[in-house]
Amino acid sequence: MKTEIPYKMYLTEEETPRYWYNVKAHMKNAHAPFIDPATQLPCTKEQLSTVFCEDCVDQELDDTNEYIQIPEPILEFYRMFRPSPLVRAYFLERLLDTPAEIYYKFEGNNTSGSHKLNSAAAQAYYAKKQGLKSITTETGAGQWGTALAMAAAFYGLDLDVFMVKVSSQQKPYRKEVIRTYGANVIPSPSDTTNAGRKILKEYPETGGSLGCAISEAVEKAVTSESCRYVLGSVLDHVILHQTVMGLECKTALDKYNVTPDIIIGCVGGGSNFGGLIAPYMGERLQGKNEVDFVGVEPKSCPTLTRGKFVYDYCDSAKMTPLAQMYTLGCGFMPSPNHAGGLRYHGMSPIVSKLYHEGFMRAVAVEQSKVFEAAVTFAKCEGILPAPESAHAIRVAVDEALKCKREGKKKTILFGLTGTGYFDLASYKLYNDGQMTDYIPTDEDLQKGFDTIPKCAVNEGLM
C-alpha cells in the first residue's frame, strides 16, 4: 500500500514524552475540590495522603503546572511498551467507503492488554518510593488489575485486587493473569471487609460494581499497615499519567501536518479519554482549535448523558470524600448483562467539568451495536478490540459514515485502549445471537439518584 502517511506511525525513543501534560493548567474554571463529608470542607493534602500515595496527592492538587516531569525510573518502565503505535485505519476507511481519514492509538501491545499500564507503572513506583509494603485496588473488566499486578511485581509490592464479581465470573482467565503476577484477587462484594458485608446484606444477589470494589479496597488500605489505595481511573493524577497517549498522538500527527477534527474515546471513569484528548483540549481551552471531543459510554450505565452534576461519594459504602462529578448515584448497580467495563457510577471531575462547560459532548450506545462495530473492525483491521474500546469504534464508524452521507472529509482519531482476547464469553453471546441490550428506565436511575447525599454542598445542585 503506497501512501504518504504510513499505516503505522511509531515514534523514536527520543521523541517519546518526558513530561506528562496537566490540562488543568488551562481550565479557566478549576473543578470543585474534594469535600470531607463530615466537615463539608475541602479535603486537605494530609487527609488525602492517608489513602493515596503522597506524590500522587501532590499531582492531584496541582492546578498550575502545565508539564510535570516523568521520573526516570518510570521512563525506564515505559520503555518496555512505549511508544505505542498510531495507526491509519486504511482498511476500515476502504470498507466504509468514506472520505474520512481515520486514525487510532493502539494501547494493547503489552501483557496487560490495555492503556492501564501507563498509570500502574507510575503509581506502583510512587508507592515503592514512599517505602510502602503493599497496595490495594479495584478492577472492573480486569485490565487495571492486570496492569497493576505487573507493576506491583516489578517493584516488589504486595497487592490485593477487589474485582467486580460479575467480571471475575465472566473472565476467569483475566483473573488468573492477575494471580500469575502474584496479586491476590477477591471477587467484590466479599465477606472480607465491613463494606463488602454491608453491601451483600443489602444486595445479596448483586454482581457488584466498581463503587462496591472501591469501598472494599479503600477499607483494606486504611486498616492495613504500610499500605495505600491506588486506582485506575477517575482522579486527576490518573488522567495525568495517561496523557502520554495524547502527547504521542500529537507528536506523530504533527510530523505529517495532520490535525484531528474529531477525537473519540470510551468513557467509564474518564482516564483514557482524558489522557487522549489532553494536549488537544489544552489548545482548545486556549482558543487554538475547534476539535470535536466525543466521549462514548454504554446506555446501560449512562453517567454523562443521563446523570446529575452534583457532589457524590466515589464508592458505594460512602467511605470516600465527596467529588463533584456527573453521577448516577453511589448506590447505582449496573446491569449484570453489561459486558466489559465502563461500569462506574461517576465520572472524572475533569471530564465532568469539561462536559458541563460544553467543551466536549457525550454519546451513549447499546452493547449489541458496540459488538457489531467490534466485529467489523476485527475483520478489516485484524485486532480483536476490548468491549470498552469498541464503544469508541462504534461512534468513529458512525462519524465516518456521516462524512460519507454528507460528502465531507474529516480527520477522526479514536483510542483503541485494549484488546478483547479475555472477553470471548461476551463475543460468544454476540455471535450466538444471545446478547441483549439493557437500558435503565427513569425509575431505575432514580434508585441510584436517591443515594446521592443531601448535604450543604449539594444545595442548589440537586
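Modeller: Let us begin with a residue pair in what is a predicted model: Ser134 stands opposite Asp158 in β7, and Ile135 stands opposite Leu159 in that strand.

Colleague: What makes β8 and β9 the edge strands?

Modeller: The four strands form an open sheet with parallel pairing, in the order β8-β7-β6-β9, and β8 (184-188) and β9 (227-229) each pair on one side only. Neighbouring strands of this sheet are turned against each other by 20° on average, with direction ignored.

Colleague: Why is β7 called largely enclosed?

Modeller: A residue is buried when its relative accessible area is under 20%, and because six of the seven residues of β7 are buried, the strand is largely enclosed by the rest of the structure.

Colleague: Which helix lies on the path from β6 to β7, and what is the hand of that crossover?

Modeller: The chain passes from β6 through helix α6, residues 143-155, to β7, and this β-α-β crossover is right-handed. The term applies because, with the strands pointing away from the viewer, a right-handed path from the first strand over the helix to the second runs clockwise.

Colleague: Why is α15 described as roughly perpendicular to α16?

Modeller: The axes of helix α15 (residues 367-381) and helix α16 (residues 387-406) come within 8 Å and cross at roughly 85°. Angles from 65 to 115 degrees count as roughly perpendicular, which means that α15 is roughly perpendicular to α16.

Colleague: Which residues meet there, and how many of each class take part?

Modeller: On the α15 side they include Val370, Phe371 and Phe377, and on the α16 side they include Pro387, His391 and Ile393. By class, the contact of α15 with α16 has eight nonpolar, one polar and three charged residues.

Technical notes
Residues are numbered from 1 along each chain as its sequence is written. This is a predicted model: local features need pLDDT of at least 70, side-chain atom pairs count only at pLDDT 80 or more; totals for chains, interfaces and linings use all residues. Side-chain values use heavy atoms; hydrogens and water are left out. Two strands pair if DSSP finds at least two bridges between them. Helices (H or I, at least four residues) and strands (E, at least two) are DSSP runs, numbered from the N terminus. Axes are lines fitted to C-alpha atoms, for helices over the stretch in contact, and angles run from 0 to 180 degrees between N-to-C directions. Angles under 35 degrees count as roughly parallel, over 145 as roughly antiparallel, 65 to 115 as roughly perpendicular and the rest as oblique. Contact means heavy atoms within 4.5 Å. Ala, Val, Leu, Ile, Met, Phe, Trp, Tyr, Cys and Pro count as nonpolar, Asp, Glu, Lys and Arg as charged, and the others, Gly among them, as polar. Buried means under 20% relative accessible area, exposed over 50%, partly exposed in between (1.4 Å probe, protein chains only).
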